[in-house]
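Please look over the sequence and the model shown here. The paragraphs after it go through selected residues and their surroundings.

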Amino acid sequence: MAQVSQLPCDGDGICMRCQAKPSDLETITCKTCVAPWHVGCLSNPPQILASTLQWDCPDCSPPPEDASLPPPASCPLPVTPSNDLVAAIRAIEADASLTDREKAKKRQELLSGKSQSEKDDHDANEKRGDDVLDLFDERLKCSFCMQLPERPVTTPCGHNFCLKCFQKWIGQGKNTCAKCRCVIPSKMASHPRINSTLVVAIRMAKMSKSIISGGSQKVYHVVHNLNRPDKAYTTDRAQKKGKANAASGKIFVTIPSDHFGPILAENDPERNQGVLVGECWEDRLECRQWGAHFPHVAGIAGQSNNGAQSVVLSGGYQDDEDHGEWFLYTGSGGRDLSGNKRTSKDQSFDQKFEKSNKALQVSCLNGYPVRVVRSHKEKRSSYAPEKGLRYDGIYRIEKCWRKVGIQGFKVCRYLFVRCENDPAPWTSDEHGDRPRPLPAIPELKKATDITERKKDPSWDFDENDSRWKWSKPPPTSKKSVEPEDSTSGKKSRRRMRQSHNMNVRERLLKEFSCLICREVMNLPITTPCAHNFCKSCLEGAFAGKSFLRERNSGGRALRSRKNVMACPCCPTDISDFLQNLQVNRELLDVIESLKSKIEEADASEKPCEDEIEGEGEEEQEQEEEGKDGSNGNEISRPVETRKRAKVVVNGGEENDSPSSPVHVDDLE
């Protein structure tokens, strides 16, 4: 009974027997289970100091054998831990090659009963290269759903959660972080921003695993547009008014202004990659240069008799609702923009299905693809970019109708649903969209002039190819386009091949770059507006600036005023955040692990490169010997080559003249 009554200390260091908190001198630790015990409550404490280093607690030490006492009939199994388990734990502690962290991990696996088969499967996955996704899974889990964050949101204290989990937590009236209980700013709680850097990194990690398992080798990479093209220009007269009267720069894509659907690589001679989902631009003029949306000001690009090609979500109407994969869009018109009222947002008459609104209705009836661009001006949406404009892919208009808007006048409404082969910029999915059921729209009950498509759409999902494509011929363009010279795209194609040959881990590290120094982040900091910087870079950007500004008037001191410190990448005020910078530890662990993995891979690949170089030198020597021959005589291979040198050139004429050399590589 004495042994049963002996209890260790709990997690707070309080003895579970006497309910007192012993000091460090009165506490002893078991060498096997590493549990703390109160020396004063032990029935048989160690007598000498040397024995405390090899002391086993009553739970880990076998009881003394007493032949006079038979075992209880109601307990045929021993109540003490298995000798095999204790021996295994002691073997782990005696292994000098393991660190303290590795020993603790092995003890935890042993006590949790993890099977050897699961361990073997994990080791096999690491050998196949799945450790990149495992690394993310261990360090970036959402604390609510215990999964990789879906549409991740990073709090100012450096913890990552899913957007839905975070909104559900805030909706319960909680204003503190779920992990560290730090207070979350009210502005971030009401309008959380998706961390686009984590979205891209998680997606690339998932794609690396699918490539290893035999899937597609296409890696969806968000373009940061570092090599900017020629920008729009302004005259001396218009510089004071910004870009209101600016002239558009060069159009870099070979598509007409009434082009429907995505912009493919064949229409992009400058980079030979097309306009990718997630590509960003500084303003509407630069967006026009890449063909995503041609109008400078108007939010709808289209013709009433042909259809609409693209729209921009910029928060111009209060009725708009953005849900990411689908949104409700309000048509144009209904405002008096005459005279000096060009920027008026007050509606003064009803909208009708005419002009641009008619173009959207035509696209709805025919199921045409519509390019969608989101602007940072849409402040009510969690899916808008932090800065500039972003191309979010292809959408299709499923329904359109008219209803009485918030300002009391009728507006044209359109239901857009995403139909894109590439994943959205705010998700970590490995693939694009699949056909989904239409959402329930409560306002349709009071709507009028409802328009629905009765025939098959022109842009539809092909089950055989598992992708969205044209099911009918696209509308013919009524505007011409001047062809571009494709010779300037050679360097860009070479850069693309080099980027595809980069290691997955290296590409991931490239995504974790500071927005100030453009290098891999050192002590990463995530601002409330979801931008990532090095801690030193962010502190250096505000060096010498005070948080408060002292004021006085006529020798009389006034109340101090807080200085506004805007984020280096957006106008968000982060002065409160700068007073207590918290390093994103989860992101830091991922970056350090990726660096160590790359160093290990480089060390293992170096011997292989030496072997390849040796083989290449041998092949080069053999080729030189074949070209020289012996005593000026030709060897057999050039003779066979010369027989095959009759080729068709110049529109069908045969040419086997010896004056026109033919290379062996070209013939093979």
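**A walk through the model**

Arg193 touches Pro152, Val153, Ser381, Ala384, Pro385, Glu386, Pro528, Cys529 and Ala530, leaving aside residues up to four places away in sequence; contact here means heavy atoms within 4.5 Å. This is a predicted model, in which local features need pLDDT of at least 70 and side-chain atom pairs count only at pLDDT 80 or more, while totals for chains, interfaces and linings use all residues. Residues are numbered from 1 along each chain as its sequence is written, and side-chain values use heavy atoms, with hydrogens and water left out.

Arg193 sits in the loop between helix 6 (186-190) and helix 7 (196-212). Helices (H or I, at least four residues) and strands (E, at least two) are DSSP runs, numbered from the N terminus. Is Arg193 buried or exposed? Arg193 is buried and has no salt bridge. Buried means under 20% relative accessible area, exposed over 50%, and partly exposed in between (1.4 Å probe, protein chains only). A salt bridge is a side-chain nitrogen of Lys or Arg within 4 Å of a carboxyl oxygen of Asp or Glu. For Arg193, the nearest side chain of opposite charge is Glu386, 4.7 Å away; Lys and Arg count as positive, Asp and Glu as negative, and His and the chain ends are not counted. The side chain of Arg193 does reach backbone oxygens: that of Ala384 at 3.0 Å, and that of Pro385, which lies 3.2 Å from a polar atom of the Arg193 side chain.

Salt bridges are found elsewhere. Side chains of opposite charge can pair when their charged atoms come close. By the rule above, the count comes to 22 salt bridges. One of them joins the side chains of Asp460 and Arg396 (3.7 Å, N to O). Asp460 belongs to strand 14 (residues 459-462) and Arg396 to strand 11 (residues 389-404), so the pair ties together parts that are 64 residues apart in sequence. Asp460 counts as partly exposed because its relative accessibility is 28%, whereas Arg396, with a relative accessible area of 9%, is buried.

Lys469 and Asp462 also meet through their side chains in a salt bridge (2.9 Å, N to O). Lys469 has a relative accessible area of 26% and is therefore partly exposed. Another salt bridge is formed by the side chains of Lys562 and Asp576 (3.8 Å, N to O). Lys562 lies in strand 19 (residues 556-562) and Asp576 in helix 13 (residues 575-578), so this pair links parts 14 residues apart in sequence. Lys562 is partly exposed at 40% relative accessible area, and Asp576 is exposed at 53%. Asp319, Lys403, Arg413 and Glu443 are linked in a network of salt bridges.

Backbone geometry comes next. Most residues other than glycine have a negative phi, and most peptide bonds are trans. Met146, although not a glycine, has a positive phi of about 55°. Met146 is in the loop between helix 4 (131-139) and strand 3 (152-154), and is partly exposed at 45% relative accessibility. Arg181, also not a glycine, has a positive phi of about 65° and is found in the loop between helix 5 (163-171) and helix 6.

A further pair is Glu282 and Leu389, 107 residues apart along the chain, whose C-alpha atoms are separated by 6.4 Å. Glu282 lies in the loop between strand 5 (280-281) and helix 8 (284-289).

Conventions. A polar contact is a pair of N or O atoms within 3.5 Å; within protein, one must be able to donate a hydrogen and the other to accept it, and residues adjacent in sequence count only if both atoms are side-chain atoms.
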